[in-house]
Amino acid sequence: MLKNKRVIVTGAGAGIGKEIVRLCLEEGDSIIACDVNEEALVELERSMKNTNLSTYTVDVSSYKEVVRFFEWIDEKGEEVHALVNNAGIYLAQNILDYTEESIDSVLNINVKGAVYFSQLFAKKLMGDNEKGTIVNMSSVSGMEGSSDAIYGLSKSAILGLTKSCAINFSPHIRVNAVAPTMVDTTMMKSIPEWRKQEYWNSQLIQTPVTARDVAETVLFLLSDKSKHYTGATFDLNNGGYLR
């Protein structure tokens, strides 16, 4: 579906990011998998065993490190065609329990990381007069609220970033967002049981949304099959929140 495009995926070491990498590789695409966890990237390479996969250890919340990443791409003389801003953290805390440091940590990774990668990716492509795509990972929490208010805030910000970047990067880069409901990853173990029940009770489709399902939606948005979509948010919530 991607016609041998080169895709950058952040937060690629586990969960949804890992499944996005797996699916894109199955489609024959080249991936640059980014994560702050070097061990997770080593394990990713070991498990995938694919020459189209390269990895890069980067803290998305550090502007200097993100700049260095794009300099590394330029030094290698490689083209990139797509970006998936997937890196994020969820602390599962009540807003009353947050400290200044933990607020900064969530916003720096979940929001600033996506801003940094989007900005530098767009500068590279638009400077070369190339076309590309960005997919941002939001969440149902960003649309309906979260028991963790700072996380919900960060995912709402991603939706605003998506729409604004779609305007700013047009016509060179299409920018869309995916907002999944709960997905069976390690992050879901931290969600309070009462909140899980609320999500499940409101869903019209009973089949759980998997990381693979999210990856398939991302693949569609990266591909030319979604060529008329930009600034859009794709809800993967089993009809749980109809608008």
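**Helix packing and local geometry in a predicted model**

Asn136 counts as buried, with a relative accessibility of 0% (buried is under 20% relative accessible area, exposed over 50% and partly exposed in between, with a 1.4 Å probe and protein chains only). The model is predicted, so local features need pLDDT of at least 70 and side-chain atom pairs count only at pLDDT 80 or more, while totals for chains, interfaces and linings use all residues. Residues are numbered from 1 along each chain as its sequence is written, and side-chain values use heavy atoms, with hydrogens and water left out.

Asn136 lies in strand E5 (helices are DSSP runs of H or I with at least four residues, strands are runs of E with at least two, and both are numbered from the N terminus). Leaving out residues up to four places away in sequence, Asn136 touches Asn85, Ser118, Ile158, Thr162, Val175, Asn176, Ala177 and Val178, where contact means heavy atoms within 4.5 Å. One of these partners, Val178, is 42 residues from Asn136 in sequence, yet the C-alpha atoms are 6.4 Å apart in space.

Two partners of Asn136, Ile158 and Thr162, are also among the buried residues of helix H6. The buried residues of H6 pack against H4, strand E5 (132–137), helix H5 (141–144), strand E6 (173–180) and strand E7 (233–236). H6 covers residues 149–168, and its 20 residues should span 28 Å at 1.5 Å a residue, in agreement with the 28 Å between its end C-alpha atoms; the expected span is 1.5 Å times one less than the number of residues.

The loop between H6 and E6 holds Pro171. A cis peptide bond joins Ser170 to Pro171, with omega about 0°. Two residues other than glycine have a positive phi: for Ala92 the value is near 55°, and for Asn129 it is near 55° as well. By way of background, most residues other than glycine have a negative phi, and most peptide bonds are trans. Ala92 is found in the loop between strand E4 (82–85) and H4, and is partly exposed at a relative accessible area of 35%. Asn129 sits in the loop between H4 and E5 and counts as exposed, with 57% relative accessibility.

H4 (residues 100–127) also takes part in a helix pair: its axis and that of helix H3 (residues 63–76) come within 10 Å and cross at roughly 30°. Axes here are lines fitted to C-alpha atoms, for helices over the stretch in contact, and angles run from 0 to 180 degrees between N-to-C directions. The angle makes H3 roughly parallel to H4 (under 35 degrees is roughly parallel, over 145 roughly antiparallel, 65 to 115 roughly perpendicular and the rest oblique). The contact is made by Tyr63, Val66, Val67, Phe69, Phe70, Ile73 and Asp74 of H3 together with Tyr116, Phe117, Gln119, Leu120, Phe121 and Lys124 of H4. By class, there are 10 nonpolar, 1 polar and 2 charged residues in this contact; Ala, Val, Leu, Ile, Met, Phe, Trp, Tyr, Cys and Pro count as nonpolar, Asp, Glu, Lys and Arg as charged, and the others, Gly among them, as polar.

A second pair is formed by H1 and helix H8 (residues 211–222), whose axes come within 8 Å and cross at roughly 55°. That angle makes H1 oblique to H8. On the H1 side, the contact includes Gly15, Ile16, Glu19 and Ile20, and on the H8 side Val214, Ala215, Val218 and Leu219 are among the residues involved. The contact divides into 10 nonpolar, 1 polar and 5 charged residues.

H1 itself (residues 15–26) has 12 residues that should span 16 Å at 1.5 Å a residue, and its end C-alpha atoms are 17 Å apart, which agrees. The buried residues of H1 are Ile16, Gly17, Glu19, Ile20, Val21, Leu23, Cys24 and Leu25. After H1 comes Gly28, with a positive phi near 90°.

Helix H8 also contains Phe220, which counts as partly exposed at 23% relative accessibility. Beyond its neighbours within four places in sequence, Phe220 is in contact with Met1, Lys225, Ser226, Tyr229 and Phe234. Ser226, in the loop between H8 and E7, counts as buried at 0% relative accessibility, and among its contacts are Arg174 and Leu221.
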